[in-house]
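Work through the exercises below with the model open. Each task is followed by a stepwise solution.

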Amino acid sequence: MPEEYGNLISQSDYEQILDLAIAFLTTKGSISKISNGTIYMKFDDQEYESRLGFDNLVRKCHKHETHEWSDIINDHFGKYKLNKSALNYIFKDFEFAAQLLRPLVKPQGTIPDNYLKDFVQRTDFEETTTFLVLDFEEKFQFLRHDNITEWETSIEDLFYVAQQNVNREQVEVRQVQWGDMSFYALFSGNFAVSYLLDIEHNIPNAIGSLGTMIAIPTKGVAFAFPIEDMALLIQFIQTITGLITQYYNEDESPITDNYYWYHKGKFHLFPYEVRDQHKIIFPPKVLLQMLKSDDDNDEDDD
């Protein structure tokens, strides 16, 4: 059992989930190996080998009684079956495909490094990967470079089209007033983080004079805090950290418990150290200089 599942399930639970998964998947294709929470298999009607991760499944099972696991597992892996003929049509017709494109931010390691180059992807948030996907038949099809050749469209333009589609998604944006602090919470089934990729257009009020601090614990929940001064930034971090950790540890689709600084069109990772299993974060150097300069100016005004 992967070490990170230890706070969710026991070894015997993991083995039960694995046995149920194998029982279902062997009726759909052939399994080549199982390693570190991933099943490698080829579905009967697929050309390529699929890699089926257990992260989301373990989190789903963790929230339900064991007698429900069989149905949960069958439903979970049943969604991997692709409509091959429909996809072949989509890969030849960009006009139809364009409306289905989405950018999807996933945790680092979602696809092993030696296969990653085969997929259409980029990095927006350090230590994550943004994939170009088709939102088709209630599941995401991760696009490979050989899937998009007939579209004759640059990857940059494909991501632009995908982002415009996300911008039209129903994402709930709440402005939260918490004492002296005001920040934004985003909620969506799948696209809260993808929506933040275009923060300038979607929630411009979340950008403070010194940029925005961003947390993206899961694909469906994100937070954006307008940065104005050092004191409020520290207060926000102290207030929100427990909630971010809870979402990241308990949600079925976690992304990262990192924090990011949005400034002038880019997302910068807050550097961190892990001490006694606790993550200690530090402001990026440029932001720290800006905060100190801002504090010095306030003192001069006084």
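**Conventions and exercise 1: Arg 59**

Leaving aside neighbours within four places in sequence, Arg 59 is in contact (heavy atoms within 4.5 Å) with Leu 8, Tyr 248, Asn 249, Glu 250, Asp 251, Glu 252 and Pro 254. The model is predicted: local features need pLDDT of at least 70, side-chain atom pairs count only at pLDDT 80 or more, and totals for chains, interfaces and linings use all residues. Residues are numbered from 1 along each chain as its sequence is written, and side-chain values use heavy atoms, with hydrogens and water left out.

Task: locate Arg 59 in the secondary structure, classify its accessibility, and examine its side chain against Tyr 248.

Solution.
- Step 1. Arg 59 belongs to helix H2, residues 55–62. Helices (H or I, at least four residues) and strands (E, at least two) are DSSP runs, numbered from the N terminus.
- Step 2. The relative accessibility of Arg 59 is 12%, so the residue counts as buried. Buried means under 20% relative accessible area, exposed over 50%, and partly exposed in between, with a 1.4 Å probe and protein chains only.
- Step 3. A polar atom of the Arg 59 side chain lies 3.2 Å from the backbone oxygen of Tyr 248.

**Exercise 2: the surroundings of H2**

Task: list the buried residues of H2, state which helices they pack against, and describe the geometry of H2 with H3.

Solution.
- Step 1. Leu 57, Val 58, Arg 59, Lys 60 and Cys 61 are buried in H2.
- Step 2. The buried residues of H2 pack against helix H1 (11–25), H3 and helix H10 (230–250).
- Step 3. H2 and H3 (residues 69–78) pack at about 150 degrees, with axes 10 Å apart. Axes are lines fitted to C-alpha atoms, for helices over the stretch in contact, and angles run from 0 to 180 degrees between N-to-C directions.
- Step 4. H2 and H3 are therefore roughly antiparallel. Angles under 35 degrees count as roughly parallel, over 145 as roughly antiparallel, 65 to 115 as roughly perpendicular, and the rest as oblique.
- Step 5. Asn 56, Leu 57, Lys 60 and Cys 61 of H2 meet Trp 69, Ile 72, Ile 73, His 76 and Phe 77 of H3. By class, this contact of H2 with H3 has 6 nonpolar, 2 polar and 1 charged residues. Ala, Val, Leu, Ile, Met, Phe, Trp, Tyr, Cys and Pro count as nonpolar, Asp, Glu, Lys and Arg as charged, and the others, Gly among them, as polar.

**Exercise 3: H1 against H3**

Task: how are H1 and H3 oriented to each other?

Solution.
- Step 1. H1 and H3 pack at an angle of about 50 degrees, with their axes 9 Å apart.
- Step 2. H1 and H3 are therefore oblique to each other.
- Step 3. The contact of H1 with H3 has 8 nonpolar, 4 polar and 1 charged residues by class.

**Exercise 4: positive phi**

Task: where do Glu 127 and Lys 264 lie, and is each buried, partly exposed or exposed?

Solution.
- Step 1. Most residues other than glycine have a negative phi.
- Step 2. Glu 127, not a glycine, has a positive phi of about 70 degrees. Glu 127 sits in the loop between strand E5 (121–122) and strand E6 (128–136), and is partly exposed at a relative accessible area of 26%.
- Step 3. Lys 264, not a glycine, has a positive phi of about 50 degrees. Lys 264 sits in the loop between strand E12 (259–263) and strand E13 (266–269), and counts as exposed at 73% relative accessibility.

Conventions: Polar contact = N/O pair within 3.5 Å; in protein donor to acceptor, adjacent residues only side chain to side chain.
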